Amino acid sequence: MGSFDKLANRNKSISAIIVSVVLSVMLSSCTTLRGPIPNDPMFAPVYPTQLPAAVPSPGAIYNPSTAQFLLEDNKAKRVGDILMVQLVESTNATKKADTSLTKDDEINIPEPSLFGNLSNITRGLGQDITPEREFTGEADSNQSNQLSGNITVTVMQVLPNGYMSIRGEKWITLNQGREYIRLSGIVRPQDITSDNQVASNRLGNARIEYSGTGALAATNSQGWLSRFFSSGLWPF
């Protein structure tokens, strides 16, 4: 009776572990399916501070904070300025691996003798053992991605060396859901063109996220149970 109780308690522990794993996967899946939402404070625009009132001075009308030279391009250079980023991302990766392992062993055990002579008792006890092991593995992976378009962002910070930290997002609401682009990075002033644009492959520490939410995005994603069987938590 004691062994039966131990087996029942063990089965209860295993069931509790399975239930907790399934619940954790369900909760994480619900969080994943919810996805991001608009108006994230992380990607909210930064507005320039109110300029102080100009101190009247006799005959001086020059204000260095808003001054523009006659031959200077109107490019982003201050906190709160708008900058257009052209998305020109393209990646192509190929990976191939071949593994082959072969091992052959041979063991020869002669027939034992009794007092130096073979007898009927020891006859036929000799063995020839030839184990063979062979393993062959092959993996091939190809991945190609391309992203084009544009997104307008704002200057969040001007660094001491003149580089600018930019960040922004764009949301497009469709009849079956939403699509969004989020971008952040560091841009050099010399990489900005005369029409106030910069290519995304010229950004430093770039973070580009393009995805969607809604019915179409949910249709293209696996269910929580399918993800559980495809994850490393499934032991088989």
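E labels mark strands, which are DSSP runs of at least two residues numbered from the N terminus. The model is predicted, so local features need pLDDT of at least 70 and side-chain atom pairs count only at pLDDT 80 or more, while totals for chains, interfaces and linings use all residues. Residues are numbered from 1 along each chain as its sequence is written, and side-chain values use heavy atoms, with hydrogens and water left out.

Val 155 is buried at 0% relative accessibility; buried means under 20% relative accessible area, exposed over 50%, and partly exposed in between, with a 1.4 Å probe and protein chains only. Next, show the residues in contact with Val 155, where contact means heavy atoms within 4.5 Å. Leaving aside neighbours within four places in sequence, they include Val 46, Ala 76, Val 79, Met 164 and Ser 165. Now pick the C-alpha atoms of Val 155 and Ser 165: they are separated by 5.9 Å, with the two residues 10 apart along the chain.

Colour E4 and E5. These strands run antiparallel and are joined by 4 bridges; two strands count as paired if DSSP finds at least two bridges between them. Follow the chain through their hairpin, which has 5 residues between the strands. Stop in the turn at Gly 162, whose phi is positive, about 95°.

E5 and E6 pair in the antiparallel sense over 11 bridges, and the hairpin that joins them passes through 2 residues. To see one of the bridges, select Ser 165 and its partner in E6, Ile 186.

**The aromatic pair**

Select Trp 171 and Tyr 180. Rings of Phe, Tyr and Trp (its six-membered ring) pair if their centres lie within 6.5 Å; planes under 30 degrees apart count as stacked, over 60 as edge-to-face and the rest as tilted. By this rule the count is 1 aromatic pair. Trp 171 and Tyr 180 form this pair, which is stacked at 4.8 Å centre to centre with 25° between the planes. Tyr 180 is buried, at 3% relative accessibility.

**The nonpolar core**

Select Leu 83, Val 85, Ile 166, Leu 183 and Val 187. These have the most contacts inside the largest nonpolar core, which has 16 residues. Such a core is a set of buried Ala, Val, Leu, Ile, Met, Phe, Trp, Tyr and Cys residues joined through side-chain atoms within 4.5 Å. E1 (82–104), E4 (132–158), E5 (164–174) and E6 (177–187) each supply at least two residues of this core, and the largest share, 4 residues, comes from E4. Keep Leu 83 selected and display its contacts: beyond four places in sequence, they include Ile 151, Val 153, Ile 192 and Asn 196.

Move to Asn 196, in the loop between E6 and E7. Asn 196 has a positive phi of about 65° although it is not a glycine, and it is buried at 15% relative accessible area.

Asp 191 is found in the loop between E6 and strand E7 (197–199). Asp 191 is buried, with a relative accessible area of 13%. Show its side chain with that of Arg 202: a polar contact of 3.0 Å joins them. A polar contact is a pair of N or O atoms within 3.5 Å; within protein, one must be able to donate a hydrogen and the other to accept it, and residues adjacent in sequence count only if both atoms are side-chain atoms.
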